[in-house]
Amino acid sequence: MNPGLVTLHVWRVPRRAVPGVLGRMATHPARLRRLPGVRFAKLLGTGTGTGFGPGDADLTRWAALVVWDSPADAAGFDASPVARSWARIARAAVRVDLRPLTSRGRWSGREPFGTPSGGRVTGPVLALTRARLRARRAATFWRAIPPVAGALHTAPGLLARFGVGEAPLGWQGTVSVWRDPADLVAFAYRSPEHRAAITRTPTEGWYAEELFARFAVGDVVGDRTVLGWAAEGAPETARGHA
């Protein structure tokens, strides 16, 4: 069964709040998964998106990705103890509503976004990659990342990008938001740096587990600068069209 809604919640916190964040990261994952209507959920650290490597960590930005049974269940998140706890320490926050378009692979042994049927999209799209690195192959992976990160930084149509991870090392992921599907496809399949990394993946055996998913972006509610949104003049609340 495909999810009723996927939401990405991102919080910007002051540096003085980081000790409190670490406590939440230890105790809130289980509490988040127990919320009514939650099918799958991950609390995530983030990176600046400049290098997507171990030194890229951004201790002032944290995220939650949640898969819901229905939009009604998702609507109750802000009133939950988990959300209220993050709201108390956040100086800015944003929520992105997502509809899965494609999903390939597994996350913690599961297929969290079901088997999406795709569909025509004429608005922004979000790409999520996530991998658990094989320890013996991690060094070669980190050496391969800088050219891809550099190409992504200047890719046409890129609205936002940052790294995500469940742990500082070995749990690698990226979030990127694109003006439309054509821009994402152009980077994924025409960028020489990205194509080279894709070609090396099966031969290098970097990943013990991997997932790649694309989503249609619906509402973007809150402070989009938390995402590093690059589109000048974009509305505070944007709605994608599918």
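This is a predicted model: local features need pLDDT of at least 70, side-chain atom pairs count only at pLDDT 80 or more; totals for chains, interfaces and linings use all residues.
Let us begin with two neighbours: strand β2 and strand β3 (residues 57–68) pair in the antiparallel sense over 9 bridges. Two strands count as a pair if DSSP finds at least two bridges between them. Within this pairing, F40 stands opposite V67 in β3.

Residues are numbered from 1 along each chain as its sequence is written, and side-chain values use heavy atoms, with hydrogens and water left out.

Now step back to the whole chain. You will find 6 helices and 8 strands, and from the N terminus on they follow the order β-α-β-β-α-α-β-β-α-β-β-α-α-β. These elements are DSSP runs numbered from the N terminus, with at least four residues for helices (H or I) and at least two for strands (E).

How much of the chain is buried? Of its 242 residues, 53% count as buried. Buried means under 20% relative accessible area, exposed means over 50%, and partly exposed lies in between (1.4 Å probe, protein chains only). Strand β2 (residues 38–47) is mostly covered, with 9 of its 10 residues buried.

With a relative accessible area of 5%, S85 is buried. Leaving aside residues up to four places away in sequence, S85 touches R24 and H28; a contact means heavy atoms within 4.5 Å. Across the chain, among contacts between residues at least 6 apart in sequence, 75% join residues at least 24 apart.

A search of the whole structure finds 3 cavities of 30 Å³ or more. On a 1 Å grid over the protein atoms alone, a cavity is a set of points where a 1.4 Å probe fits but cannot get out, and lining residues have an atom within 4 Å of a point. The largest cavity holds about 50 Å³ of space, a volume being the space filled by probe spheres set on the points, which are joined across faces, edges and corners. Its lining includes L8, W107, V164 and F215.

Key. On a 1 Å grid over the protein atoms alone, a cavity is a set of points where a 1.4 Å probe fits but cannot get out, and a pocket is an open set with protein on both sides within 12 Å along at least five of seven lines; lining residues have an atom within 4 Å of a point.
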